[in-house]
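Please load the model in the viewer and keep the selection panel at hand.

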Amino acid sequence: MTDGVLSYARTVDRALTHRAAVSECFLTDALRTGERTFRVAAQPPRAHLYYSDHVTDAGTAPSYDPLLVLEIFRQSCILASHEYLAAPADSSFVFDRGALEILDPEALRVGELPAAVTVEGEFTDVRERAGRPCGATVEVRAFVDGRAAATMRLAYRWIPGRTMRQLRTRARAALALDPRRAHPLVNRLEPAEVGRELSANVVLGRVTVSSAAEVVAQVVVDRTHPALFDHPVDHIPGAVMFEALRQTATTAARELCGLDVAPQHLALTGCDVTFLKYGEFELPTDCRARPAEGADGRPVLDLVLEQEGDVLATARVTLAARDLALPEQRGRGTSGVAATDPRPRLVTAA
């Protein structure tokens, strides 16, 4: 770690971000700026199997995925906890809540050169056990090439690896996991139905609209995905949950909020999630969504992730119809948002 200007020359030790693949570590440097403040440098990939796989129209400019910004925030908090709060190397991190807000979608446009991202972070609360830090609440803000792009508040804790394994073993023993009942991989939606190009990046199976005006989506958990499952875990990772929330919210916005736009034109601009319980691979996972109270037709959705009635997470997701026209096309009547979506409806009445 440097003591002065942040460097973008190489990635940090991937172990500090809990990544197995060097290609999945996006941080390049970090430094402590105060007793509870820090700065982190990151270089987001301009082409990535998962984060870059979004349908684009001819003549539109690609943008960095908001969930890529979220991942940079997550990695920054883990690194800072190891480096500046002495979190042991073998710690398992448990994220309890995260509230992401995209401040400026224009700042996320992919340029001709790799972007230089700077994360400004502050530990607003540090929790201790036996006189040692064991958890924190962090406020982080991302600047892309100097332009304020996003902010997030994360609350999390870390637990010794051995203790976590014991806790998970006891928790799983108390569940009826046999026989396995997870949703099969063959039920994925068509990629275009959720704004994707690759089937591997679709995390929803059958989707229905219930009589209570609620979208209910099966969550497909593909443990062979090299980005969503960068390393072996014994539970459904947060990355899969965030993508399931986004894809379900996008579907619900079109089905329940009357938004007649193609999926790729609905961008995530806010996501406030509370994690309550681990998701097990052996059980079917569903994501439920309905318009948020008081949203007045705006694309704001309240969602619940659950397994056989047990709630794993609750969330509020905010979407926005985005204008992806290239700079030279603006002012020519090209909005980049389709007036109608020619694709067939993807849900059926339950």
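Begin with Arg181, which is partly exposed at a relative accessible area of 28%; buried denotes under 20% relative accessible area, exposed over 50%, and partly exposed the range in between, with a 1.4 Å probe and protein chains only. The model is a predicted one, in which local features need pLDDT of at least 70 and side-chain atom pairs count only at pLDDT 80 or more, while totals for chains, interfaces and linings use all residues. Residues are numbered from 1 along each chain as its sequence is written, and side-chain values rest on heavy atoms, with hydrogens and water left out.

**Salt bridges**

Helices (H or I, at least four residues) and strands (E, at least two) are DSSP runs numbered from the N terminus. Glu308 is partly exposed, at 46% relative accessible area.

How many salt bridges does a search of the whole structure find? The search returns 25, the criterion being a side-chain nitrogen of Lys or Arg within 4 Å of a carboxyl oxygen of Asp or Glu.

Next, select Arg97 and Asp272, whose side chains meet in a salt bridge at 2.8 Å, N to O. Arg97 belongs to strand E3 and Asp272 to strand E9 (residues 266-275), so that the pair joins distant parts of the chain, 175 residues apart. Both are partly exposed, Arg97 at 40% relative accessibility and Asp272 at 27%.

Then select Asp96 and Arg157, a salt bridge with its closest N and O atoms 3.0 Å apart. Here Asp96 lies in strand E3 (residues 91-102) and Arg157 in strand E6, 61 residues apart. Asp96 is partly exposed at 22%, as is Arg157 at 34%.

Finally for this group, display Asp53, Asp65, Arg196, Glu243 and Arg246 together, which are linked in a network of salt bridges.

**Aromatic rings**

Rings of Phe, Tyr and Trp (its six-membered ring) pair if their centres lie within 6.5 Å; planes under 30 degrees apart count as stacked, over 60 as edge-to-face and the rest as tilted. The count by this rule is 10 aromatic pairs. Select Phe26 and Tyr51: their ring centres are 6.1 Å apart and their planes stand at 75°, so the pair is edge-to-face. Phe26 is in the segment before strand E1 (27-32), whereas Tyr51 is in the loop between strand E2 (37-42) and helix H1 (66-84), 25 residues apart. Phe26 and Tyr51 are buried.

Move on to Phe93, Phe95, Tyr156 and Trp158, which form one aromatic cluster.

For charges over rings, select Arg168 with Tyr278: the charged end of Arg168 sits over the ring, 4.7 Å from its centre. The criterion is NZ of Lys or CZ of Arg within 6 Å of the ring centre and within 35 degrees of the ring normal. Arg223 sits likewise over the ring of Phe281, with its charged end 3.8 Å from the centre.

**Backbone**

Select Asp178 and Pro179, where the connecting peptide bond is cis, with omega near 10°. Pro179 is found in the loop between helix H2 (161-173) and strand E7 (204-209).

The last stop is Ala130, which has a positive phi of about 55° although it is not a glycine. Ala130 is in the loop between strand E4 (117-129) and strand E5 (132-144), and is exposed at 81% relative accessible area.
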